[in-house]
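Here is a friendly briefing to read alongside the coordinates. Please have your viewer open as you go.

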Amino acid sequence: MATIRKGLFGVLLALFAGTTTSVSADDPCLKMVSAFQGGDHVMLPSLQSALTRHGLCFHVSYVPGNRATVLMREGQIDGELFRVSEYQQELGTVGIRVPTAIFEAHGLLVTLSPSLLALEKMKGKPVAVLRGTLWQQRVLPQHAISVEIDDYKAAFSMLETNRVDGVLIDSLSLIQISKRPANLHTRRVTPKTAAFVYLHHRHKDLVPALDWALQDWKAGFQAKPDAADGAL
């Protein structure tokens with residue numbers, strides 16, 4: 001653990017700012033990726049404080065979900081952030097899920113029209129989904145038209161210009177979108193779902209330390225209200 005005693009602040013800053021961080025061959029920090037674009041600048045300082053106390057250092061880059069899975073299977077990265085529990089089935093023995101969830105959120109359907117506020121109303125309608133996001137692939141009805149996007153900013157731009165009729169998004173990410181239509185309608189389409197860290201199996205010895213660090217952080221952190229609280 002002494003070789004990874006730099007703080008996790010750089011990880012979270014890179015993740016929440018949407019930047020990409022390169023990792024040199026002799027860099028002692030782990031190379032992580034994430035397809036998740038939600039973030040919270042209130043969350044950031046408390047995560048920094050708790051996780052640096054445990055001597056953990058990661059670099060994080062944004063990678064679409066499908067590509068992240070390929071990189072994980074090929075052993076080109078050290079792990080992934082913000083993946084649901086079902087992702088373990090997709091990874092098999094390649095990855096190990098850290099038991100403590102980073103956060104929990106609801107899956108939401110977002111529209112501009114209350115008459116479309118149900119998945120069954122999306123027959124033949126274009127719906128924006130974040131590329132490679134497992135829960136969205138599972139809840140999207142077969143009769144809907146999937147429009148894959150790489151970030152939620154693009155999704156809401158498409159919604160406002162009537163290029164899609166709905167957006168699938170998690171409630172934490174929705175809170176972080178500062179510019180969104182005032183006449184937005186939301187409905188929960190999943191139970192509250194947890195997001196986890198997955199490490200490549202070669203780092204299985206780090207699981208206990210990372211799990212304890214996440215428990216330590218969650219014990220003292222108070223999250224913002226869930227964006228799903230006002231959803232139907």
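What follows covers a sheet, a helix on it, and one glutamate. Please keep in mind that this is a predicted model.

**The sheet**
- Five strands make up an open sheet with mixed pairing, ordered β8-β7-β9-β6-β10.
- The edges are held by β8 and β10 (185–188); each has a single partner strand, so one side of each has no neighbour in the sheet.
- On average, neighbouring strands here are turned by 30 degrees against each other, with direction ignored.

- Strand β7 (residues 126–130) runs parallel to strand β8 (residues 145–149), and five bridges link the two.
- Look for V127, whose bridge partner in β8 is S146.
- Between β7 and β8 the chain passes through helix α5 (residues 134–139), giving a right-handed β-α-β crossover.
- Strand β6 (residues 107–111) pairs with strand β9 (residues 166–170) in the antiparallel sense, over four bridges.
- In that pair, G107 has D170 of β9 as its bridge partner.
- Helix α6 (residues 152–160) packs on the sheet and touches β6, β7, β8 and β9, with its direction at about 150 degrees to that of β9.

**A closer look at E80**
- E80 sits in strand β3 (residues 79–83).
- Is E80 buried or exposed? E80 counts as buried because its relative accessible area is 2%, and the cut-off for buried is under 20%.
- The E80 side chain makes polar contacts with two side chains: that of R83 at 2.8 Å and that of Y87 at 2.6 Å.
- Leaving out residues up to four places away in sequence, E80 touches several others, including M32, A68, M72, L91 and F196.

Definitions and conventions:
Residues numbered from 1 in each chain as written. Predicted model: local features only at pLDDT ≥ 70, side-chain atom pairs only at ≥ 80, totals over all residues. Heavy atoms only, no water. Pairing = 2+ DSSP bridges. Right-handed = clockwise from strand over helix to strand, strands pointing away. Buried < 20%, exposed > 50% of the residue type's maximum accessible area, 1.4 Å probe, protein only. Polar contact = N/O pair within 3.5 Å; in protein donor to acceptor, adjacent residues only side chain to side chain. Contact = heavy atoms within 4.5 Å. Axes fitted to C-alpha atoms, helices over the stretch in contact; angles between N-to-C directions.
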